[in-house]
Amino acid sequence: MKIVINGCAGRMGRSLLHLATAHNDIDLVGGLEPKGSPAIGQDLGALMGGPDLGVLVTDDPLTTLKDADGVIDFTIPQASLEIAAIAAQARIAHIIGTTGFTPDQETELLAAARHATIVKSGNMSLGVNLLAVLVKQAAKSLNVDWDIEILDMHHRHKVDAPSGTALLLGEAAAQGRNVDLKTARIAQRDGISDPRAPGAIGFSALRGGSVVGDHDVIFAGDNEQIRLSHRAESRDIFAQGAVKAALWAQNKEPGLYSMQDVLGLNEE
């Protein structure tokens, strides 16, 4: 499968480059960076600290994606939307690990998915997606007397909060309780606040150091707690999931899919 990495010079991008070049079923054919990036013009091999691959970093997605089968994209929402429009025109797979989309941007992605095969997830790892299944089941089994709190911690450079993973887990909890996360969600407690509303799903975000990603879902009842946790020890788990998603998406019908579709975890 001929793959392009969007955001190839970033932390996730470099992890993806290493994994893609070592994968027997992947042919790395391009790397994209935004205009003005110092990585533009560099060979992808040199970007990884290895021998040249004969593929240069570019800021021209239209030309780079023309002959590709798919693009893996861990960038920012606006950049992902631009790639989504081109991927839809080219009828190729678009694997999106970008987080922080607004509701309007989500609607734009849904429109692009009428023509492109999009796999989008707040977290590409097997462990987190299995955790989401467990969270959904626990929320379904426990009544609203059990308060739900979701805690995420990431490195100091992460700009969106709650994280995409925390929102993925919150959505799983909301689905388990058959409620809308938009109305059940609580965030940003500070100072004197009202008592907690029954059925609310709370979020707390911590940022610091070089933490790849720690997530805890706490079900707090009277006199007892249930904690479901995931610790990411390397970005490689996200890169591995993204490559798996790309290979799965090849030749799939256009649509908006999740990692739970890729991993066969959906109940339906």
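Which residues in α4 meet which residues in α5? In this predicted model, P77, Q78, L81, A84 and A88 are the residues in α4, and they meet Q105, E108, L109 and A112 in α5. The notes below begin with that helix pair, continue with two further pairs, and then turn to the pockets and the backbone.

**Packing of α4 and α5**

- The axes of α4 and α5 come within 9 Å and cross at roughly 15°.
- Angles under 35 degrees count as roughly parallel. The helices α4 and α5 are therefore roughly parallel to each other.
- The crossing in which α4 passes α5 is left-handed.
- Divided by class, the contact of α4 with α5 has 6 nonpolar, 2 polar and 1 charged residues.

**Packing of α6 and α7**

- Helix α6 spans residues 126–141 and helix α7 spans residues 164–177; their axes come within 7 Å and cross at roughly 30°.
- That crossing angle makes α6 roughly parallel to α7.
- The crossing in which α6 passes α7 is right-handed.
- On the α6 side, the residues that meet α7 are V128, N129, L131, A132, V135, K136, A139 and K140. On the α7 side, their partners are T165, L168, L169, A172, A173, Q175, G176 and R177.
- By class, 9 nonpolar, 4 polar and 3 charged residues make up the contact of α6 with α7.

**Packing of α1 and α9**

- Helix α1 packs with helix α9 (residues 236–249) at an angle of about 60°, and their axes are 9 Å apart.
- The helices α1 and α9 are therefore oblique to each other.
- A right-handed crossing is found for α1 and α9.
- From α1, the contact is made by M12, S15, L16 and L19; from α9, it is made by D236, F238, A239, Q240, A242 and V243.
- The contact of α1 with α9 divides into 7 nonpolar, 2 polar and 1 charged residues.

**The largest pocket**

- The largest pocket holds about 1200 Å³ of space.
- Its lining consists of 38 residues, and those nearest the centre of the pocket are E106, K120, L167, L168 and E171.
- Two or more residues of this lining are given by each of α5 (103–112), α6, α7, α8 (181–184), β12 (255–257) and α10 (259–262).
- The largest share of the lining of the largest pocket comes from α7, which gives 6 residues.
- By class, the lining of the largest pocket divides into 15 nonpolar, 13 polar and 10 charged residues.

- Of the 45 residues that line the second largest pocket, M12, F74, T75, I76 and T98 are the closest to its centre.
- The elements that give two or more residues to this lining are α1 (11–22), α4 (77–90), α7, β10 (213–221) and β11 (224–232).
- Helix α4 gives the most to the lining of the second largest pocket, with 6 residues.
- The lining of the second largest pocket divides into 15 nonpolar, 22 polar and 8 charged residues.
- M12 of α1 takes part in the contact with α9, and M12 is also among the residues closest to the centre of the second largest pocket.

**Backbone geometry**

- A161 and P162 are joined by a cis peptide bond, with omega of about -5°.
- The position of P162 is in the loop between β7 (147–154) and α7.
- N223 is not a glycine, yet N223 has a positive phi of about 70°.
- The loop that holds N223 lies between β10 and β11; both of these strands are among the elements that give two or more residues to the lining of the second largest pocket.

Technical notes: Residues are numbered from 1 along each chain as its sequence is written. This is a predicted model: local features need pLDDT of at least 70, side-chain atom pairs count only at pLDDT 80 or more; totals for chains, interfaces and linings use all residues. Side-chain values use heavy atoms; hydrogens and water are left out. Axes are lines fitted to C-alpha atoms, for helices over the stretch in contact, and angles run from 0 to 180 degrees between N-to-C directions. Helices (H or I, at least four residues) and strands (E, at least two) are DSSP runs, numbered from the N terminus. Angles under 35 degrees count as roughly parallel, over 145 as roughly antiparallel, 65 to 115 as roughly perpendicular and the rest as oblique. A crossing is left-handed if the near helix is turned anticlockwise from the far one by less than a right angle, and right-handed if clockwise. Contact means heavy atoms within 4.5 Å. Ala, Val, Leu, Ile, Met, Phe, Trp, Tyr, Cys and Pro count as nonpolar, Asp, Glu, Lys and Arg as charged, and the others, Gly among them, as polar. On a 1 Å grid over the protein atoms alone, a cavity is a set of points where a 1.4 Å probe fits but cannot get out, and a pocket is an open set with protein on both sides within 12 Å along at least five of seven lines; lining residues have an atom within 4 Å of a point. Grid points are joined across faces, edges and corners, and a volume is the space filled by probe spheres set on the points.
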